[in-house]
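Biologist: Hi, could you walk me through this model? I have a handful of quick questions.

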Amino acid sequence: MSVLKLLDVYKTYNPGSHTQVDVLNGVDLEVEEGEIIAVIGPSGVGKSTLLQIVGALDRPTRGQVWIDEKELTRYSDSQLAQLRNKTIGFVFQAHHLLPEFTARENIMMPGMIARGVPKDLERRSSELLEKVGVLDRADHKPNELSGGEQQRIAVARALMNEPRLLLADEPSGNLDHKTADSLHELLWSISRQFKQTLVIVTHNLELADKADRIIELYDGKIKNNLKPG
């Protein structure tokens, strides 16, 4: 079953001006439930822009984006915000944890925005803290956590509302090699165990080779769409 579909997606910044920048130039992509997709390519080819459009953080200049047979370009900004919170989980290179809240409170935040039942959210946060291996750090604030622990909390937060689609933009870019490998293993394990669809932007070709498919972007288009090996 297709979770994500992009049809002839373009993204242009400052269209019609002398500073016009064409970032995406006709991207077609379909992702099945439970697939792990690695997006690679040189800096500046539109990898992060693609992820922002897939994640409904930005709108395409032209083309269609479908998630679970819902066409996102027809949604209002408020409808997109609701869809993002319930359907899409994000893990960025910077963890973006709220410094005044504990690890548990940060994880619960998407559920609180969705007006979940507090007891259910607390139980779910404990499950996730255990899953990502930091249950003993539940009451610590971000500045009391290591970089690897902060990213694990960010992964747990992304999973809080059981999203259909998990998006990761260079999630280990600020981590040392050993910690990065551990984070990658966690993401792969979660995807396989829960049939969680994962789209990850990475410069790490060794990591990309572990994905089900590698999408190589070049000049705003998909240059290669292939299975590793």
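Modeller: Happy to. Let me begin with one side chain: Asn85 is buried, at a relative accessible area of 18%. Buried here means under 20% relative accessible area, exposed means over 50%, and partly exposed is in between, using a 1.4 Å probe and protein chains only.

Biologist: Before we go on, what kind of model is this, and how are residues numbered?

Modeller: This is a predicted model, where local features need pLDDT of at least 70 and side-chain atom pairs count only at pLDDT 80 or more, while totals for chains, interfaces and linings use all residues. Residues are numbered from 1 along each chain as its sequence is written, and side-chain values use heavy atoms, with hydrogens and water left out.

Biologist: Thanks. Where does Asn85 lie, and what does Asn85 touch?

Modeller: Asn85 lies in helix 2, residues 77-87. Helices are DSSP runs of H or I with at least four residues, strands are E runs of at least two, and both are numbered from the N terminus. Leaving out residues up to four places away in sequence, Asn85 touches Pro110, Ile113, Ala114 and Asn161. Contact means heavy atoms within 4.5 Å.

Biologist: On to helix 3. How many of the residues of helix 3 are buried?

Modeller: Helix 3 is mostly covered, with 8 of its 11 residues buried. Among them are Arg104, Met108, Met109 and Gly111. The cover over the buried residues of helix 3 includes helix 2, helix 4 (118-131) and helix 5.

Biologist: How do the axes of helix 3 and helix 5 cross?

Modeller: The axes of helix 3 (residues 103-113) and helix 5 (residues 147-159) come within 7 Å and cross at roughly 30°. That makes helix 3 roughly parallel to helix 5. Axes are lines fitted to C-alpha atoms, for helices over the stretch in contact, and angles run from 0 to 180 degrees between N-to-C directions. Angles under 35 degrees count as roughly parallel, over 145 as roughly antiparallel, 65 to 115 as roughly perpendicular and the rest as oblique.

Biologist: Which residues meet there?

Modeller: From helix 3, Ala103, Asn106, Ile107 and Pro110 meet Ile153, Ala156 and Arg157 of helix 5. By class, that contact has 5 nonpolar, 1 polar and 1 charged residues. Ala, Val, Leu, Ile, Met, Phe, Trp, Tyr, Cys and Pro count as nonpolar, Asp, Glu, Lys and Arg as charged, and the others, Gly among them, as polar.

Biologist: What about the loop between strand 4 and strand 5?

Modeller: Glu69 is found in that loop. Glu69 has a positive phi of about 65° although it is not a glycine, and Glu69 is exposed, with a relative accessible area of 69%. For context, most residues other than glycine have a negative phi.

Biologist: Last topic: in what order do the 6 strands of the open sheet with mixed pairing run?

Modeller: That order is 6-7-8-3-9-10. Strand 6 and strand 10 (221-226) are the edge strands, each pairing on one side only. The twist averages 20° from one strand to the next. Strand 6 (residues 88-92) has 4 of its 5 residues buried, so strand 6 is largely enclosed by the rest of the structure. Strand 6 and strand 7 (residues 165-169) pair in the parallel sense over 5 bridges, with Leu166 in strand 7 as the bridge partner of Gly89.

Terms used: Two strands pair if DSSP finds at least two bridges between them.
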